[in-house]
Amino acid sequence: MTDEQGIVFRGPGAPLVPEPLRLDPPGPGEVRVRIVASGVCRSDLHVVDGDWERPAGVVLGHEGAGIVEALGPGVPERPADRPAGSGGLRTGDLVVLAWTAPCATCPACRRLEPWLCATPRGGTHRTEPELVRLRRPDGSPVGVYSGVGTHATAQVVDAAAAIAVDPRTPHDVAALIGCAATTGVGAVRWTAGVRAGERVAILGMGGVGLSALLAAIAAGAEVTAVDPVPEKRARARALGAVDAVDPGDDAHLARLGRPFDHVLECIGLASAVEGALRLVRPGGTVTVVGMPPQGVTAAVELYSFVVDGIRLLGSNYGSLVPERDLPEIAADVVTGRLPLGRLIDAHLPLAALPDALAAMRRGEGARRILLPGG
Ligand SMILES: [Zn+2]
Ligand SMILES: [Zn+2]
C-alpha cells in the first residue's frame, strides 16, 4: 500500500481539493502507474457542473499519462528487446491511459469497435467492491472515474487501459493523447476518413478541435476553423488553418457557401451541429465529436438531408483501437507530424484543478495540464 493524493468528486458544486488516499498493490491483470501528467478536459466540467450524472466518491480525471511502477499477477511482461508500443508492458514504460479498457470478447470488440465495448475491463468507475484499490485513511472505498482517475499521484488500472508508447513522447502530450488529442485526431482519421486534397471545416477550437485541425492538415486537407473567440481563431490560423470564421458572421458564412467535404463539430452544441449541416457539400460527412449535456437534441431539415445524401456520424473517442492507434499518434508527435504540444497553455499543480475548470468555463485557451507529482 502506498500513500497518495487525489481529487475526489463529492457531487456537483462540492469543493475540489487534493486529499490523502491509500493505494493497494495491483491485482491480477492490473498495473500500478505513477501519474506524470493529467489534462483538464471538458468532460470533467460536465461532471463537476452536474450536466452528466456520475457517482460521487470517484477520483476525477481521465486524460493522463504515467510510468508503470508494478505489474500485477498475470500481466505479460514485454521482452526487453522489443520496443514500447509493440504490445505488452514493462516496469518503467511511459503509458498513455485509455479511459476505456476494451474486454476484447463482447460483440463490439469482436467487430473491432472497442469504443463501443459493453463490458469494459475494470468496470466503469471501479466502484464495485472487488475492483476498489483506493481508500481514504479511514478505510472507506474510493472509485476511479472512467477506470483511470488521473487527477491523482498514482493509480491502479487494468493493464488493457495502459498503452506503452515511445518514451520520447513528452509527458504532457502523452496525457493529451489519452483523451482530447485522440478524440480529435481519431475523428479525422478513423471516423470521417479525411484524405489529402479535401476541404474540411472544424467547429470549435478547444483541445479536441485543434487536435482535429492538426490531424486534417497532416492528412493533406485544407482546413477552415470556426469559433466565436478571436484568440482561438488566431491560434487556428497560426496552426495552419487557411481561414478562420466567426459563426456569428453571417456574411462570411454566406461567402463560404457549402464547399466542405467534411465538417467536424467539436463543441457539443445543437446550434453548431445545425450549422455544420448548412456547410457540408452534398454527399459530404458531418461528424459530431463534441459531447453535449445529456438530453440535448438538434433539428435536421430532413428533405435536403436525404436529397443531398449527407452522412451524419457520431465519433466516440475517435473510433479508437487503443493498442493499435495510441502508439501511432505518439509516434507522429515524436516525428513532428502532429505538433500537439502547441495546444498546451499551462502546467499546474493538482490543487489548481478548480482554476483550470474556471478558465475552461470562461472559454479561455485550449489545454491545461496538471502535474500530480509537482
Ligand atoms: Zn476527455
Ligand atoms: Zn468489449
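**Exercise 1. Identify the buried residues of helix α8 in this predicted model, and state which elements they pack against.**

*Solution.* Step 1: helix α8 covers residues 270–279, and its buried residues are Ala272, Val273, Gly275, Ala276, Leu277 and Leu279. The model examined here and in the exercises below is a predicted one.
Step 1: the buried residues of α8 pack against the strands β11 (199–203), β14 (260–265) and β15 (280–288), and against the helices α7 (250–256) and α9 (302–307).

**Exercise 2. Determine which residues donate to the zinc ion (ligand 1) and where Cys41 and His62 lie in the chain.**

*Solution.* Step 1: the protein donors of the zinc ion (ligand 1) are the SG atom of Cys41, the NE2 atom of His62 and the SG atom of Cys179.
Step 2: Cys41 belongs to the loop between β3 (30–39) and α1 (42–48), whereas His62 belongs to the loop between β4 (58–59) and β5 (64–71). The two are 21 residues apart, and the pair links distant parts of the chain.
Step 3: both Cys41 and His62 are buried.

**Exercise 3. Classify the packing of α4 and α5 by angle, and describe the residues in contact.**

*Solution.* Step 1: helix α4 (residues 180–192) packs with helix α5 (residues 207–218) at an angle of about 45°, their axes being 7 Å apart.
Step 1: the crossing of α4 and α5 is right-handed.
Step 2: from α4, Ala180, Ala181, Thr183, Gly184, Val185 and Val188 meet Gly207, Val208, Ser211, Ala212, Ala215 and Ala216 of α5. The contact of α4 with α5 comprises eight nonpolar and four polar residues, with no charged ones.

**Exercise 4. Carry out the corresponding analysis for α4 and α10, then locate Asp332.**

*Solution.* Step 1: the axes of α4 and α10 cross at roughly 105° and come within 11 Å. This makes α4 roughly perpendicular to α10.
Step 1: Thr182, Val185, Arg189 and Trp190 of α4 meet Arg324, Asp325, Leu326, Glu328, Ile329 and Asp332 of α10. By class, the residues of the contact of α4 with α10 are four nonpolar, one polar and five charged.
Step 2: Asp332 is located in helix α10 (residues 322–335). Asp332 counts as buried because its relative accessibility is 10%, and the cut-off for buried is under 20%.
Step 3: with neighbours within four places in sequence left aside, Asp332 is in contact with Arg189, Arg337 and Leu338. Asp332 and Ala218 are 114 residues apart in sequence, and their C-alpha atoms are 9.6 Å apart in space.

**Exercise 5. Decide whether Ala104, Ser146 and His151 are buried or exposed.**

*Solution.* Step 1: Ala104 lies in the loop between β6 (94–97) and α2 (107–110). With 58% relative accessibility, Ala104 counts as exposed. Its phi is near 75°, a positive value in a residue other than glycine.
Step 1: Ser146 is found in the loop between β8 and β9. Its relative accessible area is 15%, so Ser146 is buried. The phi of Ser146 is near 55°, which is positive in a residue other than glycine.
Step 2: His151 lies in the loop between β8 (141–144) and β9 (154–158). With a relative accessible area of 0%, His151 is buried. Not counting residues up to four places away in sequence, His151 touches residues including Gly6, Ser38, Asp44, Leu60 and Leu350.

Definitions and conventions. Residues are numbered from 1 along each chain as its sequence is written. Chains are lettered from A and ligands numbered from 1 in the order in which they are written. This is a predicted model: local features need pLDDT of at least 70, side-chain atom pairs count only at pLDDT 80 or more; totals for chains, interfaces and linings use all residues. Side-chain values use heavy atoms; hydrogens and water are left out. Axes are lines fitted to C-alpha atoms, for helices over the stretch in contact, and angles run from 0 to 180 degrees between N-to-C directions. Helices (H or I, at least four residues) and strands (E, at least two) are DSSP runs, numbered from the N terminus. Angles under 35 degrees count as roughly parallel, over 145 as roughly antiparallel, 65 to 115 as roughly perpendicular and the rest as oblique. A crossing is left-handed if the near helix is turned anticlockwise from the far one by less than a right angle, and right-handed if clockwise. Contact means heavy atoms within 4.5 Å. Ala, Val, Leu, Ile, Met, Phe, Trp, Tyr, Cys and Pro count as nonpolar, Asp, Glu, Lys and Arg as charged, and the others, Gly among them, as polar. Donors are N, O and S atoms within 2.8 Å of the metal (3.2 Å for Na, K and Ca); water is not among the atoms, so sites may look incomplete. Buried means under 20% relative accessible area, exposed over 50%, partly exposed in between (1.4 Å probe, protein chains only).
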